[in-house]
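Keep the structure open as you read.

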Amino acid sequence: MARKALVVWGGMALHTPERSAHVVRDLLEAEGFAVTLTPDYDALGAEDVGSNDLVVPVITDGVLAPERMARLIEAICAGTGLAGFHMGLATSFRASVPFRYAASVYWVQHPGDIITYRVDVTRPDHPIMAGIESFEHTSEQYYLNYDPAVEVLATTTFSGEFHPWRKGVVMPVVFTTMHDRGRVFYSSLGHTADELMAGPPREILRRGLLWAAR
């Protein structure tokens, strides 16, 4: 039986959520997943959400009713994987404390907006990063607040060119963690769908999705 994934998109048009959700669907379907793709946030809190092996919110901000959020968190705790990139997880459902705990990451700034920065692979032995070398990337360099429990797989260092008081800060770009029995994957790459069409950002996302799925 094919594994099941739920991909829910919405929020800020700048992030091309629908196109990006289609990228996720294509990656998962190529790996044999049966994918449900929807702009209906309530699907994340449906009574059967726990039947999914993976949920991927491609969402900027948004609101989910507390009882639906509770079902989503219960599903993750029971083993449904949670994966996200860029705005997904880092900005999704900002006001929900239970989701913030599960997501393990919160976006706070991108100094300089679209710039070229370096992504340094710190765990080349991890299956998500195996064979991927450090690379230059042009996008928003995300400054994050994150859970110290995460396992960092790649980082970026802030030059201080735009915010001198943050010069030299080393920030996660890719990480994994657990939320009870649920695997959690996050990559800050992927400001728009165009960034996910080829190269390391796409391959990191593909592997991360597979890693997170039950």
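D120 has T155 in β9 as its bridge partner. The two strands involved, β6 (residues 114-121) and β9 (residues 151-157), run antiparallel and share two bridges. Strands here are DSSP runs of E with at least two residues, helices are runs of H or I with at least four, and both are numbered from the N terminus; two strands count as paired if DSSP finds at least two bridges between them. This is a predicted model, in which local features need pLDDT of at least 70 and side-chain atom pairs count only at pLDDT 80 or more, while totals for chains, interfaces and linings use all residues. Residues are numbered from 1 along each chain as its sequence is written, and side-chain values use heavy atoms, with hydrogens and water left out.

On to the next pairing: β9 also pairs with β10 in the antiparallel sense, over six bridges, and there V152 faces F175 of β10. Elsewhere, β1 (residues 4-10) and β3 (residues 54-59) are parallel and joined by six bridges, with V8 opposite P57 of β3.

Now step back to the whole sheet. Nine strands make up an open, mixed sheet, in the order β2-β1-β3-β4-β11-β10-β9-β6-β7. Because β2 (34-38) and β7 (135-140) are at the edges with a single partner strand each, one side of each has no neighbour in the sheet.

Next, look at the helix α2 (residues 66-78), which packs on the sheet and touches β3, β4, β10 (170-179) and β11 (182-187); contact means heavy atoms within 4.5 Å. Its buried residues are M69, L72, I73, A75, I76 and C77, where buried means under 20% relative accessible area, exposed over 50%, and partly exposed in between (1.4 Å probe, protein chains only). These buried residues pack against β3, β4, α4 (97-103), β10 and β11. After α2 comes G79, with a positive phi near 130°.

Two other residues deserve a look for their backbone angles. Most residues other than glycine have a negative phi. H86, in the loop between β4 and α3 (87-90), has a positive phi near 50°. D180, in the loop between β10 and β11, has a positive phi near 60°. Which of the two is buried and which is exposed? H86 is buried, at a relative accessible area of 0%, whereas D180 is exposed, at 55%.

Terms used:
Axes fitted to C-alpha atoms, helices over the stretch in contact; angles between N-to-C directions.
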